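Please look at the sequence and the model before reading on.

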Amino acid sequence: MRIWLAHISLILTQVICIASSPPNVVLINVDDQGYGDLGCTGNELIQTPHIDQLYAESVHFTNYHVNSVCSPSRAALMSGQNAARVGVWHTLGGKEIMRADVTLMPEYFRRAGYATMMVGKWHNGDNYPFRPEDRGFEKVYRIGGGSPGQVPDYWGNGIFDTHYWNGRSWQSSDGFCTDVQFDASMDYIRENKNKPFFLYLATTAVHSPVGAPDAYLDLYPQLEKRVRAFYAMVTNLDTNVGRLRTFLEQEGISDNTIFIYTTDNGSACDKNNQYNLFNGNMSGKKGSTYDGGHRVPLFIHWPAAGIDSPQDIGELVAHYDLLPTFADACGFDLPADAELDGQSLLPLLKGKTGAFDNRVVIVESKVNKRNVPYTSSAILKGPWRLINNGRELYDVQSDPLQELDVSKEHPELIESLRESYDSWYESVSPRFDDEVRVIIGTPNLANELLNCMDVCAREGESNGKQVWNQGGVSNGSMYQGIWKLKVATAGEYTFKLRRFPPESGLAFDAVPHKGKKVLFSEAQFKAGPHGLKKAVNMSAESVDFTVVLETGPLDLDACLIDSKGQATSAYYIEVQRN
């Protein structure tokens, strides 16, 4: 009897300890995986047994929505605000960068005493003060830009033996990207398991380039090459989700860990529907305002709170709800003036309904003309979807494929939805013209590497263009723009205009793999009062300009001119404070 009572006492003590300890948070945000790219949501071709098991032990939000492209989706997730409110509505040209005055999820966790780490893909700024390591993450293990091989990423990066930025330098790795990212996550958890931690695991899978180790490709011999690679990459991801969950159990911390699985937008697999793949009984994929572009999985598993059995919750919820949910679940406060668009999902998880009944959610795809209302927007309320510049109305409860436009039958509803949108637009538009400027010359960061993916349109141009991947650099693609900078410390600076980044070791005359030689003859440099020109030495790696700068905003226009007189913004610029 005494042994039995002692056993019961021990169990009760453990329960009390779990209940009184702040929960850990593991937030997995998968890139470019749609609602229909999982076995548990109805895909009969794809193999995802470990995520299917998670699904069987989780609450599922079946009406969860995000922006339909990555940078805006991630900005809303991290800020708890609509992406447009924090200055993000595209994936490049500086429109992917959240304003520095916005407090983000990891900063709140840090204030609450949590250890914080970000692994994988950020895509909300690659320069100070917009990097994840500047915005609350104590540790990072990430790529540059939005996928391996984009311009801000380590030169030559791919999905095997990828280099990762650790906050100070690039670090090499061995193996497949997803395996390595989960390994880094488990290493971090092992080091920090004795205190509450927040892990943001934003996988680079399954964004292009897609692929997987041969053992996973061999699972899908019947599929078209690119679909095969995508599905194999998902199945490898699934294996790693299983590995991570087993690891948490072995470390004895799974019960009081909030484990979340979600994705950043609709599927990028077979976007043209050439192969008639399962898409969750929805129309649209990544980038679309149809539900298939922005309705994605959200599974929440938290055994210590009794969230460990399957349940569907159908209320209309969004990515910006996760920050207030974490604050509620983890016991930290959010300031009253934070302008959050989200609300806590914890009442829904506890079975309380009603707070979401009349909710309107507005999500967007890429917006090229920010001053034009309704551009690339979807206005959601209950089963209703108002899309296509506020002209088409669908009832997804009776018409999930959004094939029957019922706008003519519901003029009052359209008017009401438009009023909601107009009110929202009025609230977010006052800061549309705010400039997001990379800061150079800070005391703790004397050097910066600028890249051409972040150039903005020149004055008088409504919409600039950018070279965004390393293939464009290798092929000599040419677009012009300006960098928006802010000088923190007055003094002498050297700007090194380059075609290739420093780690490549390549000179102007190099011919990279699958690239071509471009004969540059002149470099032009304009910054503040300085307007300079120099000849390009093709055997050198850079053309250097040294100038004295005052503190304050600075527009930099730095171009390379080829032998035909065509100009392009320098692909990379090293900025050194002397």
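Which residue forms a salt bridge with K193, and how many Å apart are the closest N and O atoms? The partner is E251, and the closest N and O atoms of the two residues are 2.5 Å apart. The sections below place this pair in its setting; the model they describe is a predicted one.

## Overall form

The chain contains 12 helices and 26 strands. Its C-alpha trace spans about 85 × 65 × 55 Å along the principal axes. Of the 578 residues, 58% count as buried.

The radius of gyration can be compared with a simple expectation. For 578 residues, a compact globule would have a value near 25 Å, and the chain has 25 Å, so the two agree.

K193 counts as partly exposed because its relative accessibility is 31%. E251 is also partly exposed, since its relative accessible area is 23%.

## Other salt bridges

In total, the count comes to 30 salt bridges. One of them joins D31 and R74, with the closest N and O atoms 3.4 Å apart. This pair links distant parts of the chain: D31 is in the loop between β1 (24-30) and α2 (49-56), R74 is in helix α3 (residues 70-79), and the two are 43 residues apart. Both D31 and R74 are buried.

A further salt bridge is formed by the side chains of E191 and K139, at 3.4 Å from N to O. Here too distant parts of the chain are linked, as E191 belongs to helix α5 (residues 177-192) and K139 to strand β5 (residues 139-142), 52 residues apart. E191 is exposed because its relative accessible area is 55%, a value over the 50% limit. K139, in contrast, counts as partly exposed, because its relative accessibility is 41%.

Salt bridges may also share partners. D126, R131, E133, D134 and R142 are joined in this way into one network.

## A negative surface patch

Charged residues also form a patch on the surface. E412, E415, E419, D422 and E426 make up a negative surface patch. One of these residues, E426, is placed in helix α11 (residues 411-428). E426 counts as exposed because its relative accessible area is 60%, and the limit for this class is over 50%.

## Details of the backbone

Where do cis peptide bonds occur? P129 is found in the loop between β4 (115-120) and β5. Another is the bond from A205 to V206, also with omega near 5°. V206 lies in the loop between β8 and α6 (214-217).

Two residues with a positive phi deserve a description. D270 has a positive phi of about 55° although it is not a glycine, and N276 likewise has a positive phi of about 55° without being a glycine. D270 is found in the loop between β9 and α8 (291-294), and the place of N276 is in the loop between β9 and α8.

Are D270 and N276 buried or exposed? D270 is buried, because its relative accessible area is 12%, which is under 20%. N276 is exposed, because its relative accessible area is 71%.

## The cysteine C456

C456 is found in the loop between β18 (447-451) and α12 (470-474). At 18% relative accessibility C456 counts as buried, because the limit for that class is under 20%. The C-alpha atom of C456 is separated by 18 Å from that of V86, and these residues are 370 residues apart along the chain.

Definitions and conventions. Residues are numbered from 1 along each chain as its sequence is written. This is a predicted model: local features need pLDDT of at least 70, side-chain atom pairs count only at pLDDT 80 or more; totals for chains, interfaces and linings use all residues. Side-chain values use heavy atoms; hydrogens and water are left out. Patches are made of residues with over 30% relative accessible area and no salt bridge: like charges are joined within 9 Å, nonpolar side chains (Val, Leu, Ile, Met, Phe, Trp, Tyr) within 5 Å. Accessible areas come from the Shrake-Rupley method with a 1.4 Å probe; for residues, only the protein chains shown count as cover. A salt bridge is a side-chain nitrogen of Lys or Arg within 4 Å of a carboxyl oxygen of Asp or Glu. Lys and Arg count as positive and Asp and Glu as negative; His and the chain ends are not counted. The place of a charge is taken as NZ of Lys, CZ of Arg, CG of Asp or CD of Glu. Helices (H or I, at least four residues) and strands (E, at least two) are DSSP runs, numbered from the N terminus. Buried means under 20% relative accessible area, exposed over 50%, partly exposed in between (1.4 Å probe, protein chains only). The radius of gyration is taken over C-alpha atoms; the globule rule is 2.2 Å times the number of residues to the power 0.38.
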